[in-house]
Amino acid sequence: MARTPVLTTRVLLVCAAIGVATGLLGGIAGWVTPVLLASPLLFLYGLVLGSHVLPGIIAQEVLRLPLVALITHVFAALIASAFNPAWALRFIGTALLFGLIQEGVAALTRYRSWGAWRFFVSAAIIGVIVAVVVFFAAHLSVMPVWAQILYLAISVLGPIAWTAIGLAVGTSLRRAGVARR
C-alpha cells in the first residue's frame, strides 16, 4: 500500500495561503524598517522584526506537520520581496533562520507536542538571536543605556508577542476547518 505523503497539495496550498497573508505583513515591515532604523525609535526594531515569526507559527498551529513552518516562511519571504526587492536576500535569510528554528524545536518533540509552550520556546530563541545580532550589527552600543536595555527587552519580547498573535490566528483557522483532511 502506498503511503500518503505528508506534503500533499492541500498542505502546500494552505502553506502558500498563510505565506501570502503573512508575506504582506512582512512587506509592510520591510517598508517600515529603514525609516525606523534611521529614527530615534530604533529600539523598536525588534518588535518589527519579530513579526516575521508569524508564517511558521500559524502554519504549525494549523497543520501540525513537519516542514510546514519552513515552507510557509519561504512563501512569505517571496511575497515580502515583491514589496521591497532590495531586501529579498534579507527576507529569505530571515525566513530560513526563523523557519529552521521553529522546525528544530518541533523536531525535538518529534512533531508530537503542540502545546503553546513549544511555540514560545522557539520565539524566545529567535528573540535572543535577533537582540544580539541587531545590537552589534546596528551599533546600538552608542545609544543611551536605557535605550539599549529597552531595545534588548523589546527584541526578545517582540517575537513572543507576535507568537501569541500567531497562535490565536492559527487556532481560529484550525477551528474554522482549515486543517480538516
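User: Let's start with Leu67: does it count as buried, partly exposed or exposed, and why?
Analyst: This is a predicted model, so the value is computed from it. Leu67 has a relative accessibility of 41%. Buried would need under 20% and exposed over 50%, so at 41% Leu67 counts as partly exposed.

User: Where does Leu67 lie, and what is its phi?
Analyst: You'll find Leu67 in the loop between α3 and α4 (68-83). Most residues other than glycine have a negative phi. Leu67 isn't a glycine, yet its phi is positive, at about 75°.

User: Arg110 has a positive phi too; is Arg110 buried or exposed, and why?
Analyst: Arg110 lies in the loop between α5 and α6, and its phi is about 60° although it is not a glycine. The cut-off for exposed is over 50%. Arg110 has 60% relative accessibility, so it counts as exposed.

User: How many residues does the largest nonpolar core have?
Analyst: Helices that each supply at least two residues of this core include α1 (9-37), α3 (54-63) and α7 (145-175). Those with the most contacts inside the core are Val62, Leu63, Val68, Val134 and Leu140. The core's total is 37 residues.

User: Which residues is Val68 in contact with, leaving aside its neighbours within four places in sequence?
Analyst: Val68 is one of the residues with the most contacts inside the largest nonpolar core. With those sequence neighbours set aside, its contacts are Val11, Cys15, Ala59, Gln60, Leu63 and Glu103.

User: And how many residues are in the other core that lies apart from the largest one?
Analyst: Among its members are Ala77, Ala80, Trp87 and Phe91. This other core has 5 residues.

Terms used
Residues numbered from 1 in each chain as written. Predicted model: local features only at pLDDT ≥ 70, side-chain atom pairs only at ≥ 80, totals over all residues. Heavy atoms only, no water. Core = buried A, V, L, I, M, F, W, Y, C linked by side-chain atoms within 4.5 Å. Buried < 20%, exposed > 50% of the residue type's maximum accessible area, 1.4 Å probe, protein only. Helix = DSSP H or I, 4+ residues; strand = E, 2+ residues; numbered from the N terminus. Contact = heavy atoms within 4.5 Å.
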